[in-house]
Amino acid sequence: AAERVGRARGSRPLSDEARAACEAGCAVVRAEDVEEGVAPLAPCLVQRAGEKATDAGSDAVARCVAVRGDGSGVERGRIALGEDTRYNLRLATDQLATIAEYTPPPPHEFDLADITLEVFAHTAAAEEDARESAKGEGGGGGDAARNGSCPPTTRGDAGSTPCVDASAVAAMFRKRFFGRVFATNELLLLPCPGDGPLLRLRVSEVNNMGEDEREEEPLYHCFRGRFTATTAIRLVAPGGGVVLEANAESADGWHGGRQQKQQQGGARRAATRVHVYTSDGEFFPVKKALLRPCIALTQAVRDASPDPIEVNVDVDCPTFDRVLLYLESEAMERADAYDFPLTLLPAMAAAADALSLRSLSELCARRKGEFSTRVREYGFDEVVAKNSGGGECWLILDGMVLDVTRWLPEHPGGSTIIPGQALNLDCSRFFEVYHASRESFLFLSHFYMGEIAREDAHRVPQPKEPPSVDFLEQLREYCGSFRINQEAATHLGAACAPRAARV
């Protein structure tokens, strides 16, 4: 990777062509590498690819261009980057990384409506301050500084807020970066018009929709897009507190583009959110577009007043939070895939009734029907046959029949301890001994298949030592909401641990 716009360590100076491309935020490769398939097919868009499953690669995207010949200063097998681009792609000098071609979405989804930029003065003192901070306190670190990977002054207090002509800066930005792809939190270097200092810009926000469109979109999210001739630019001080609008084109700091501006002196537009208060006093500001399926809230959703209307719902905070997750799934057309523990089925069904949310009511009815079809009484021989057939693992816990086959590979204690100790007997005592935390109860509804048939209860072998009365009471209290025949589901070894013996 090249230093900011000059010479990579141990290499010849970059040509004017390569230097200009680096300054413009491009990734520069040798045309010979492109022809041999070593480098991406230039020109194209590229990003750093993730090296493992937990690494999604860089959000930032650069335009890859090719130069030919040794006179370019770009070495074979290497890629030349400006320092800001190198930081945005999360690359260090001499790092071996996979650079992959990036295919953008269609223009109507990718072109930016507006971009907001924080502006700092990029001074020599600030640059040195950032490099010193990259070395680590006490001089113990230093890998980032040695690799040349420290960013172009990322600390918020490293550069002062400059006094700039915002219109002139916006015009220069538009000329230099037209057609470039930007992602949030990218850093850029831009010469200040006139004799001012070098400017450091941070992309704090990008939007591919206007403000009204964003509010109508229930799940709007944008972190990357292409800067075009119609993209509006907003320059703000660090933290976004002050709009830098010296000689601005408009009073609200936006320069050109199609950013929608609030009407001045006219009627205020209708609020786009509803303030929902739950039965336990919690508050949720929710987009009207997300609440449209809730028929009980239709009046609030259709209210045209400029201030958000407040509504109270007979749903507690945790349940309403899950309802919002369901509504988001429905907005993404994934409602059928939305899942929740069966223990929450009564609360979710009640919330659906309170909100007149028909689709959730139908989902709860299906879940209840599936549960009723799946859950039944099993004979002891049926459980033994499941465990003898190979590949399945069924347990008996206080009369409950549990299918833990899929859980075995995820079991924190390993996949062999359960089959080795707990099959074909009542495993209540083992469950209590190995699970000090009652967090394990959370998984039982997912494994629950039903109950041991009453006539077979006496056939289930008992452990040498029965479970404690406290454990059984807690287990039954938690599982009572989904167990069938709860009144008859007493512990199979109850004679060994009578409730009357509790002291």
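This is a predicted model: local features need pLDDT of at least 70, side-chain atom pairs count only at pLDDT 80 or more; totals for chains, interfaces and linings use all residues.

Colleague: Sheet, then. What is the order of the 4 strands in the open sheet?

Modeller: The order is E15-E18-E17-E16. The pairing in this sheet is mixed.

Colleague: Which strands stand at the edges?

Modeller: E15 and E16 do, and E16 covers residues 394-397. Each has a single partner strand, so one side of each is left without a neighbour in the sheet.

Colleague: What does the twist average from one strand to the next?

Modeller: The average is 40°.

Colleague: In which sense do E15 and E18 pair, parallel or antiparallel?

Modeller: Parallel, over 3 bridges. Strand E15 spans residues 376-378. Tyr-378 stands opposite Ile-452 in E18.

Colleague: And E17 with E18, parallel or antiparallel?

Modeller: That pair is antiparallel, again with 3 bridges. Strand E17 takes in residues 400-403.

Colleague: Which residues of E18 do Met-400 and Val-401 stand opposite?

Modeller: Met-400 faces Glu-451. Val-401 faces Gly-450.

Colleague: New topic. Where does Glu-186 lie?

Modeller: Glu-186 is in a loop. Strand E6 (181-183) comes on one side of that loop and strand E7 (187-191) on the other.

Colleague: Is Glu-186 buried or exposed?

Modeller: Buried. Why? Its relative accessible area is 3%, and buried means under 20%.

Colleague: Which side chain does Glu-186 join in a polar contact?

Modeller: The side chain of Arg-180, at 3.3 Å.

Colleague: What else is Glu-186 in contact with?

Modeller: Leave aside the neighbours within four places in sequence. Then the contacts of Glu-186 include Ala-60, Val-61 and Asn-88. Leu-201, Arg-202 and Val-203 are also among them.

Colleague: Last one. Where is His-435?

Modeller: His-435 has its place in another stretch of chain, the loop between helix H16 (428-434) and helix H17 (444-447).

Colleague: Which backbone oxygen does the side chain of His-435 reach?

Modeller: The one of Phe-431, at 2.9 Å.

Colleague: What does His-435 touch, not counting residues up to four places away in sequence?

Modeller: With those set aside, His-435 touches His-411 and Ser-440.

Colleague: Great, thanks.

Key
Residues are numbered from 1 along each chain as its sequence is written. Side-chain values use heavy atoms; hydrogens and water are left out. Two strands pair if DSSP finds at least two bridges between them. Helices (H or I, at least four residues) and strands (E, at least two) are DSSP runs, numbered from the N terminus. Buried means under 20% relative accessible area, exposed over 50%, partly exposed in between (1.4 Å probe, protein chains only). A polar contact is a pair of N or O atoms within 3.5 Å; within protein, one must be able to donate a hydrogen and the other to accept it, and residues adjacent in sequence count only if both atoms are side-chain atoms. Contact means heavy atoms within 4.5 Å. Axes are lines fitted to C-alpha atoms, for helices over the stretch in contact, and angles run from 0 to 180 degrees between N-to-C directions.
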